[in-house]
Amino acid sequence: PSRVTITFRRVMLVTAKVFDETLDKLKAHPAWTVDVETNGLDWFGKNQICGIGVGLDTGETFYFPFRHFPSLESQNLFPPQLFQLIQVMNKCTTLIGYNIKFDLHFLEKEGLSIKGKELIDVIVLVRLTEPADVREFSLTTTIKRLYGDEAAEYDISTKKILRKNKWHKDFSQAPPTILGPYCEKDVEYTWRICQDRLPQIEKTKQTRVFELEKELTHVLFDMEKRGLSVDNVYAKQAAEKLSKRQEQIKERIFSLVGHEFLLTSPVQVGTALKGLGISSVVQTTKGNESWGEEALAQINHPVAGYIRQYRTLGKLRSTYLEPYFDIDTIHTTFCNWGTLTGRLSSRDPNLQNLPRTHFRLSDKALSSQERETVKGRISAAVSAKGGTFNQDLSDEVIDTWGFIGDESFNEEEESQVSIRRLFVARPGYTLVGFDYSQMEVRVFLDYFRNAEIDVLLKKENVDFHGEAATLAFNVQKDDPEYKYYRQMAKAITFGTIYGIGARKLGIQLGVPMGQATEYKKKYFKGLKGSKEFFEKVVRVVSSRGWIKNRYGRVYVVPKDLAYKGVNYLIQGTSADLMSERMIEVAKYLADKESNILVQVHDEIICEVRNEELNQVTPQIQALLQENSLGIPLEVDVEICSPSWATKKPFSLTEVTVPDTLNDYIDWD
């Protein structure tokens, strides 16, 4: 689109009388800014477009009303004219929008094809050109931030009218004379922000990463459209199991306390626990005793553990199971603007938050090793809330946490429930998981690559945390303390990447802060180049206020947060590398029946057509391991059968003919 200063003039409404004339004008322009108004947010369901806003680089904006409320029918254009508009839109080469995938899903239902089009998502432009401390990216918030409160007044005033008339949940009930100007202002500011930010992309030399994001928008659109197949029968069965277990736990709690009370009420929980002589070690912001997760985790009494278990099971049921009772496919929204680093996030539902572990619905006395694992979980949970876990818990109390299992879900075990078990392959397909092995560690090492690190990166099936322990602490695998130092090296590696201080590191290692500092010094000394890399990042941020990752993504970082720079570089480079490879996989699959379904951090899940399994699976693995940065990467491949919850190693050397697939897939 041309980058010129223009004065916008708003066309209130496109009527049938001027429709043909307007369409002829649009045909002459290859780039359109678009915004749709709808009668709901569910683009995959029954919700539809009620109007389409279009803007041109001439400063003209148009609103095409199509499905406003029946009483407003005389102001609507006719269905054949919607078809005509979409056909002209199909011929334009560039579409610009704010969170554009939302608009495109609705437009595709009307016949739009985005194949071959340049898609400019302005919200991505904003993310790439805003400082690290900006957190709000809605169009209204962005307009206020860039152009002042008065510029966004149209949004506030229109929303008031919509709420007052109870039109806010179904915009089709609002007259085009109200919704049209509102839509056109959205179009205008989307275009203006785009024109303001494109030069900044060039100025900051982020052209490469922005081109990557434009291609990624196509890939994510297809992933959202395909969706994940849901086993809603399992959802109902699992929810019933959780309810029964909750009832058992409730009776156990009431027996220990001696009377019934409302388990979801912090006040009543506090009263019940005080009746047992229990005080909370955590306070609320107002100075009262807190009875939330952080507090319950540090109370050395089984009743606290059972209350936490009861609440967790209820949240699992209401959040992850009940919403899927009556649907067979979910369509998440992937946000390539949702995080500062560039990592994808997802929402409605958030697939990043799906529990990886299964849950036990029966009592289990944990082994000593399992109890140590639980202590680590408690410490992490408390630390995440900003607290410090320093309470001695009895084995009986720790065992109340035993309901949280690991990733080894057993389909045949009736007392186990897994949320990932909900997601299954469609008939004729197989879910295949591709998981990068220690991706962020590899990217971290590549940033200060030297001869010693180069040898390490090129080793096959290398355990980087073990190798780091050997280099930093001079321990070998046969040393009795090897496991301890390996865990320490792992904590320091990720602590460095995530920018945690000595205090938090000490909590994770279970040692005083001073000792954690000494361990970190030894680690930096043993892993040559790591200290220099860390110090250089902090120095650069402190001196100039920004850094750039390997793909050119810029992070404008407040100087007092300079220590976070390493995290931005490692996570950001890993995220952009993943995006680059997903684009290549999508290109490869373009003429296949197989599809990318999900990306969660360093893992992608594909739905592979059974007839293509032998050909497609190794090729996807190879494409993911390649990268333009030349970083040696390894990708583990697993068959997810009968669901995402159950993974079985997939041997690419053994699987050569369809008959041998019976070893990996339960065809029934």
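**Backbone, sheet and helices**

Biologist: Where is the place of P349?
Modeller: This is a predicted model. The bond joining D348 and P349 is a cis peptide, with omega about 0°. P349 sits in the loop between β10 (345-347) and β11 (358-360).

Biologist: The peptide bond from S641 to P642: cis or trans?
Modeller: P642 is in the loop between β19 and β20. Most peptide bonds are trans. For S641 to P642, omega is near 10°, and the bond is cis.

Biologist: Is N99 buried or exposed?
Modeller: N99 falls in the loop between β5 (94-97) and α3 (100-109). Its phi is near 60°, a positive value in a residue other than glycine. Buried means under 20% relative accessible area. N99 has 15% relative accessibility, so N99 counts as buried.

Biologist: And N461, buried or exposed?
Modeller: N461 also has a positive phi, near 50°. Its loop runs between α16 (451-458) and α17 (464-473). The cut-off for exposed is over 50%. At 67% relative accessibility, N461 therefore counts as exposed.

Biologist: In what order do the five strands form the open sheet?
Modeller: The edge strands are β17 (595-600) and β20 (647-649), since each pairs on one side only. From one strand to the next, the twist averages 30°. The pairing is antiparallel, and the order is β17-β18-β14-β19-β20.

Biologist: What is the bridge partner of Q599 in β18?
Modeller: Strand β18 covers residues 603-609 and runs antiparallel to β17. Five bridges join β17 to β18. In β18, Q599 has as its bridge partner I604.

Biologist: At what angle does helix α8 run to β17?
Modeller: Helix α8 spans residues 207-226. It lies across β14 (429-436), β17 and β18. Its angle to β17 is about 100°.

Biologist: Which strands does α23 lie across?
Modeller: Helix α23 covers residues 613-625. It runs at about 20° to β14. The strands it lies across are β14, β18 and β19 (635-640).

Biologist: Is α22 roughly parallel or antiparallel to α23?
Modeller: Helix α22 (residues 565-589) packs against α23 at an angle of about 150°, with the axes 9 Å apart. Angles over 145 degrees count as roughly antiparallel. That makes α22, relative to α23, roughly antiparallel.

Biologist: Is the crossing of α22 and α23 left-handed or right-handed?
Modeller: On the α22 side, the contact is made by R581, E584, V585, Y588 and L589. On the α23 side, Q615, V616, Q619, I620, L623 and L624 take part. The crossing of these two helices is right-handed.

Biologist: By class, what residues has the contact of α22 with α23?
Modeller: Residues making this contact include V585 and L589 of α22 and I620 and L623 of α23. Val, Leu and Ile count as nonpolar. The breakdown is two charged, two polar and seven nonpolar residues.

Biologist: Which residues is S574 in contact with, leaving aside its neighbours within four places in sequence?
Modeller: S574 is in helix α22. It is buried, with a relative accessible area of 1%. With those neighbours left aside, the contacts of S574 are M439, E440 and V443.

Notes:
Residues are numbered from 1 along each chain as its sequence is written. This is a predicted model: local features need pLDDT of at least 70, side-chain atom pairs count only at pLDDT 80 or more; totals for chains, interfaces and linings use all residues. Side-chain values use heavy atoms; hydrogens and water are left out. Axes are lines fitted to C-alpha atoms, for helices over the stretch in contact, and angles run from 0 to 180 degrees between N-to-C directions. Helices (H or I, at least four residues) and strands (E, at least two) are DSSP runs, numbered from the N terminus. Angles under 35 degrees count as roughly parallel, over 145 as roughly antiparallel, 65 to 115 as roughly perpendicular and the rest as oblique. A crossing is left-handed if the near helix is turned anticlockwise from the far one by less than a right angle, and right-handed if clockwise. Contact means heavy atoms within 4.5 Å. Two strands pair if DSSP finds at least two bridges between them. Buried means under 20% relative accessible area, exposed over 50%, partly exposed in between (1.4 Å probe, protein chains only).
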